[in-house]
Amino acid sequence: GVTGGELGWNSRVGLWVGTEGHWGSPTPRLQYLLEPLYEVVHAQRGATVTLPCVLRARPPHYKVKWSKVEPAELLENIILVTNGAQHKTYGQLGGRARLRRGHRNDASLTIAGVALEDEGRYRCQLVNGLEDESLSLTLTLDGVVFPYQTSQGRYRFNYFEAKKACEEQDARLATYQQLYKAWTEGLDWCNAGWILDGTVHYPIINLREPCGGRLLLPGIRTYGAKDKQKDRFDAFCFTSAVRGQVYFIQGHLSFKEAGQACRNQGATIAKVGQLYSAWKFSQLDRCDGGWLADGSVRYPITIPRTHCGGLPDPGVRSFGFPNKEQRTYGTYCFTVK
């Protein structure tokens, strides 16, 4: 007869993979854990989200272990372990995690105050002697990817500097999946940038000579993995909807005066990620350049028009990093709702 395959956990890719099986082999089915109706859970930043994991029945002696799979580090970070009666949490994420306990067989994980870094793959494992079972779920945040470089020009970040730069702008380094999705939605950028797993890419829609030539098809160009300490590129950052409001103050302000103008209204000068979020999720559309927290001047356009940059597609336009003493621009402020 046809021999059946077995499932093994591949920590590199964060997936269950078949081993020793043949085509047509029956997939081993979960006995105690219910198959989830969906494998992807969507959430917004700051919200509370529940990752479902329900037992059909409770084995005599068991534990349920929740962990987050980190492909970039090739490891799993334990979040919570329970024996049905008591549970213990671990790490930074564990401080915001609890069991839902909707009923006695409910081992679902609830995470409060969802943050950008919470996105990724999670694993619910039933530890039951020889009958261990596991299921995995992916938590995704709706967001926007933006390219980012320093005031000194392009290709100045090593990996760790790129990671820090994104975090300083209310964002994080994008994953490959986020960059790919952004490309399908129109991101076209000729400068290569770091992403979260330490690889370097750039997304091309409009073919042109300086960006890989005209012979290749549109797509994500890749440089592969690079030396995180020595190699230098730009960054692709990811941010999501934020519970706050970005608004514009008209004026002819220096960078210092711009920050003070926001503080006078109980707000802070907006970060680049906050402006992109307001453009993407609140349809902020303003033809006026304004200072941002990193010293750059930008403005968000959702309805393209000739006198607002002249480009045919929506986007956040940039005037770069002007002299901070220059009194030409207003400022974008951010206030928490």
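A polar contact is a pair of N or O atoms within 3.5 Å; within protein, one of the two must be able to donate a hydrogen and the other to accept it. With that in hand, welcome to this predicted model. The protein has five helices and 23 strands, and two of its residues, N105 and E70, get a closer look below.

**The protein as a whole**
- Of the 337 residues, 47% count as buried.
- Take the contacts between residues at least 6 apart in sequence: 59% of them join residues at least 24 apart.

**N105, in a loop**
- You will find N105 in the loop that runs between strand 8 (97-99) and strand 9 (109-111).
- N105 counts as buried because its relative accessibility is 15%, and the cut-off for buried is under 20%.
- The side chain of N105 reaches the backbone oxygen of R56 at 3.5 Å.

**E70, in a strand**
- E70 sits in strand 5, which covers residues 63-70.
- With a relative accessibility of 18%, E70 counts as buried too.
- The side chains of E70 and K68 are joined by a polar contact of 3.1 Å.
- Beyond its neighbours within four places in sequence, E70 is in contact with L75 and N77.

Note on methods. Residues numbered from 1 in each chain as written. Predicted model: local features only at pLDDT ≥ 70, side-chain atom pairs only at ≥ 80, totals over all residues. Heavy atoms only, no water. Helix = DSSP H or I, 4+ residues; strand = E, 2+ residues; numbered from the N terminus. Buried < 20%, exposed > 50% of the residue type's maximum accessible area, 1.4 Å probe, protein only. Contact = heavy atoms within 4.5 Å.
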